[in-house]
Amino acid sequence: MSWTREQKNVTIAAYLGWMLDAFDFFLMVFVFKDIAAEFHVGIPDVSIAVVLTLAMRPLGALIFGRLADRFGRKPTLMANILLYSVLELASGFAPSLLSLLVLRALFGIAMGGEWGVGSALTMETIPPKSRGFVSGLLQAGYPSGYLLASVIYGLFYEYIGWRGLFMVGVLPALLVVYVRSHMQESPAWEAMAKGPRPGLMKTLYANWKLSVYAIVLMTAFNFFSHGTQDIYPTFLQVQHHLNPHTVSLIAIVLNIGAIIGGVICGSISEKIGRRKAIFFAALAALPVLPLWAYSSGPLALAAGAFLMQIAVQGAWGVIPVHLNEISPDEIRATFPGLVYQLGNLLASVNLYMQTKIAVANGGDYSLALALVAGITAVVIASLILFSRERRGVDMTQLAKQAVSA
């Protein structure tokens, strides 16, 4: 099925929006040690910044999701991108750890809104048979942002320091110009806007079993991703004593694996279904654990990281389309993002927990990494079997039916 120019523009904008959002987020994980040294605190104290960012993302999903359901996906997405870019810039000027923590909490609100709004806009616009591939592509924006952060860190860190890295993070604001000039509104939202819609709480109450299930599922997914990514640069720096250039190269390799996994598994889900694709991708992480967490030497570590992220982001690559397909039609900009970010909230203790486990075991980050990755892989494979399969539903037609009902 051929794509219109509008469908291509929406996909590009949503991918770039999530990629640059993740870029701004992941710059932080490369500089824990430097921030701790400047403010004379321990790494676990600095890691609270990530905890706050993740914890505030549900609030952002709720705020921006409701704005998108009421006023449209396009203007909300523009406001979202502009806000997280400005807050990233401000983080580079933080005079104290407390002010940095406040700014990262506010950044979490902005970051929490982008994913739900962007994915709803895209899934409501593109051809149904392309959703699996595009889902993987959109989720690949997350490791693409990590990859970009890895490159920027490797090339510029020694010249501009941790504050300069945050200042570079204002550049995503330029994406607003592209969104404004190249995108139109979602046809499904325009259909829904023509009639009355039930409120958020009423819709969630009517679908409370689905809501609870989706939150639990996304909690496991967020432990899976953050448990294999956020502490990994620190693991390489502290436990293996690798220099910034080598850490950057390994991070680039693992994110190439993540992009490959997301796109391939998203595409496969169009053939075998969303549930099966997630099930097999999650379990693929288990045989990789020893190489990933317990090997030594840059080459072996890079190989393990590459394979692990194929599995982790392979499972994640199906999530944008799966959550949008099982979402109640009336709140599609709110529901996927809200359950995703509530899962993030429940999993926001992960980084702090992993650093504490490592410190309590004599600096053994391998144990902290392996425990979280292994447990969550099994949990996800078990939970996804209870999900609904709604591959290929017509979202615009469902929106029209909801209005006329």
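Predicted model: local features only at pLDDT ≥ 70, side-chain atom pairs only at ≥ 80, totals over all residues.
Begin with the aromatic side chains, for the structure holds 17 aromatic pairs. Select phenylalanine 25 and phenylalanine 26: their ring centres lie 5.0 Å apart and their planes stand at 75°, so this pair is edge-to-face. Both phenylalanine 25 and phenylalanine 26 are buried.

Next, select tryptophan 115 and tyrosine 340, an edge-to-face aromatic pair with 4.5 Å from centre to centre and 80° between the planes.

Now extend the selection to the cluster linked by ring pairs, which comprises Trp18, Phe25, Phe26, Phe30, Trp115, Tyr142, Tyr146, Tyr153, Tyr157, Phe221, Trp316 and Tyr340.

For a contact of another kind, select arginine 104 and phenylalanine 107. The charged end of arginine 104 sits over the ring of phenylalanine 107, 4.4 Å from the ring centre.

The model has 1 cavity of 30 Å³ or more, and the largest cavity contains about 60 Å³ of space. To display its lining, select Ala14, Trp18, Glu114, Trp115, Gly118, Ser119 and Leu138. Helices α1 (5–26) and α5 each supply at least two of the lining residues, and α5 gives the most, with 4 residues. Coloured by class, the lining shows 4 nonpolar, 2 polar and 1 charged residues.

Definitions and conventions. Residues numbered from 1 in each chain as written. Heavy atoms only, no water. Phe/Tyr/Trp six-rings, centres within 6.5 Å; stacked < 30°, edge-to-face > 60°. Buried < 20%, exposed > 50% of the residue type's maximum accessible area, 1.4 Å probe, protein only. Lys NZ or Arg CZ within 6 Å of the ring centre and 35° of its normal. 1 Å grid on protein atoms, 1.4 Å probe; cavity = no way out; pocket = protein on both sides within 12 Å on 5 of 7 lines; lining within 4 Å. Points joined across faces, edges and corners; volume = space filled by probe spheres on them. Nonpolar A, V, L, I, M, F, W, Y, C, P; charged D, E, K, R; others polar.
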